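This briefing goes through a structure by topic. The sequence and the model come first, and the notes follow.

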Amino acid sequence: MKTTKKDTIAKEGYPFIASFALTSLLTKNKLLKVTLIAASAFSTYFFRNPKRHIYYEENMVLSPADGTVVEIGKAYERFFFKSEANKVSIFMSVFNVHINLAPFKGACLDKIYNKGLFVSANKPKASLENEQCALLLENEKGQKIVVVQIAGIIARRIVTYTKPQDKVEAGDIIGLIRFGSRLDIYSQQELNLAVHLHQKIKGGDLIGYL
């Protein structure tokens with residue numbers, strides 16, 4: 001089961017939407033019925049997959065997620081670079097689209113999944129302690145960035161479609177995270193940013209230039 005650009009609802013949401021809706025049909029308790037219908041409607045909203053018109057040029061780094069920029073600066077990247085790198089963090093609330101997109105055209109070189117805790121994803125320590133999956137991506141000029149999907153206090157599952165040796169186009173769906181989460185982007189090269197702290201952005205928006 002893999003969500004594609006053609007899907008208006010992420011396939012991972014089908015079990016939630018269907019189970020809430022079916023249970024609402026079976027219960028006679030009016031309050032519970034309304035609650036289940038609301039839960040089904042919210043699940044449909046949460047797993048929405050809106051169409052995005054992606055504009056991409058060489059050296060661009062696009063946002064891999066909808067959300068708010070909560071951190072910009074230098075930080076140690078522990079999975080692949082194992083050194084200090086330029087970092088941009090995007091926090092996704094439960095009201096943001098949770099589909100994650102490829103930040104540029106290129107290839108996936110490596111992937112590391114790491115079990116962890118479920119600290120609130122808008123906290124800096126979530127980058128170190130929470131469950132996460134890191135992708136090492138390389139563009140056509142050999143420039144590398146690391147994208148880390150991080151589960152939040154409510155999110156309990158990271159889905160990552162992209163695997164080593166996969167080719168990606170800018171804006172391709174690389175995965176999703178359920179119910180509130182965070183994405184970190186690391187670059188060893190200077191990243192000329194087009195975003196600022198606390199800015200709200202959408203997946204596919206310009207983050208900056210390598």
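Ser-63 counts as buried because its relative accessibility is 0%; buried means under 20% relative accessible area, exposed means over 50%, and partly exposed lies in between, with a 1.4 Å probe and protein chains only. The model is predicted, so local features need pLDDT of at least 70 and side-chain atom pairs count only at pLDDT 80 or more, while totals for chains, interfaces and linings use all residues. Residues are numbered from 1 along each chain as its sequence is written, and side-chain values use heavy atoms, with hydrogens and water left out.

**Surroundings of Ser-63**

- Ser-63 sits in the loop between strand E1 (60-62) and strand E2 (67-77); helices (H or I, at least four residues) and strands (E, at least two) are DSSP runs, numbered from the N terminus.
- Not counting residues up to four places away in sequence, Ser-63 touches Ile-90, Leu-101, Ile-201, Lys-202, Gly-203, Gly-204, Asp-205 and Ile-207, where contact means heavy atoms within 4.5 Å.
- One of these, Gly-203, is 140 residues from Ser-63 in sequence, yet the C-alpha atoms of the two are 4.9 Å apart.
- A polar atom of the Ser-63 side chain lies 2.6 Å from the backbone oxygen of Ala-65.

**Nonpolar cores**

- The largest nonpolar core has 26 residues, and Val-61, Leu-137, Ile-145 and Ile-207 have the most contacts inside it. Such a core is a set of buried Ala, Val, Leu, Ile, Met, Phe, Trp, Tyr and Cys residues joined through side-chain atoms within 4.5 Å.
- Two or more residues of this core come from each of strand E3 (83-92), strand E6 (132-139), strand E7 (144-151), strand E10 (173-177) and strand E11 (181-187).
- A second, separate core has 13 residues, among them Ile-17, Phe-47, Ile-173 and Leu-176.
- Beyond its neighbours within four places in sequence, Leu-137 is in contact with Pro-103, Phe-104, Ala-107, Cys-108, Gln-143, Lys-144, Ile-145 and Val-147.

**Domains and their interface**

- The chain is divided into domain 1 (12-47) and domain 2 (60-209), with bounds that come from an automatic or database domain assignment.
- The C-alpha centres of the two domains lie 31 Å apart. Six residues from domain 1 and 10 residues from domain 2 take part in the contact.
- Between them, domain 1 and domain 2 bury about 790 Å², 68% of it on carbon and sulfur atoms. Buried area is the accessible area (1.4 Å probe) that two parts lose on being put together, summed over both.
- Helix H2 (residues 30-46) gives the most to the side of domain 1 that touches domain 2, with three residues.
- Two residue pairs are in polar contact between the domains, both at pLDDT 80 or more. A polar contact is a pair of N or O atoms within 3.5 Å; within protein, one must be able to donate a hydrogen and the other to accept it, and residues adjacent in sequence count only if both atoms are side-chain atoms.

**Charged residues**

- The count comes to 10 salt bridges, each defined as a side-chain nitrogen of Lys or Arg within 4 Å of a carboxyl oxygen of Asp or Glu.
- Asp-172 forms a salt bridge with Lys-5, with the closest N and O atoms 3.3 Å apart. Asp-172 is in the loop between strand E9 (167-168) and E10 and Lys-5 is in the segment before helix H1 (14-26), so the pair ties together parts 167 residues apart in sequence.
- Asp-172 is partly exposed at 21% relative accessibility, and Lys-5 is partly exposed at 47%.
- In the salt bridge of Asp-7 with Lys-11, the closest N and O atoms are 2.7 Å apart. Asp-7 counts as buried at 13% relative accessibility, whereas Lys-11 counts as partly exposed at 21%.
- Lys-163 and Asp-166 meet in a salt bridge through their side chains (3.3 Å, N to O), and Lys-163 is partly exposed at 46% relative accessibility.
- Lys-87 lies in strand E3 and counts as buried because its relative accessibility is 5%. Its side chain makes a polar contact with the side chain of Glu-71 (3.5 Å).

**Backbone angles**

- Most residues other than glycine have a negative phi.
- Asn-59, although not a glycine, has a positive phi of about 75°. Asn-59 lies in the loop between H2 and E1 and is buried, with a relative accessible area of 18%.
- Gln-165, also not a glycine, has a positive phi of about 85°. Gln-165 is in the loop between strand E8 (158-160) and E9 and counts as exposed at 71% relative accessibility.
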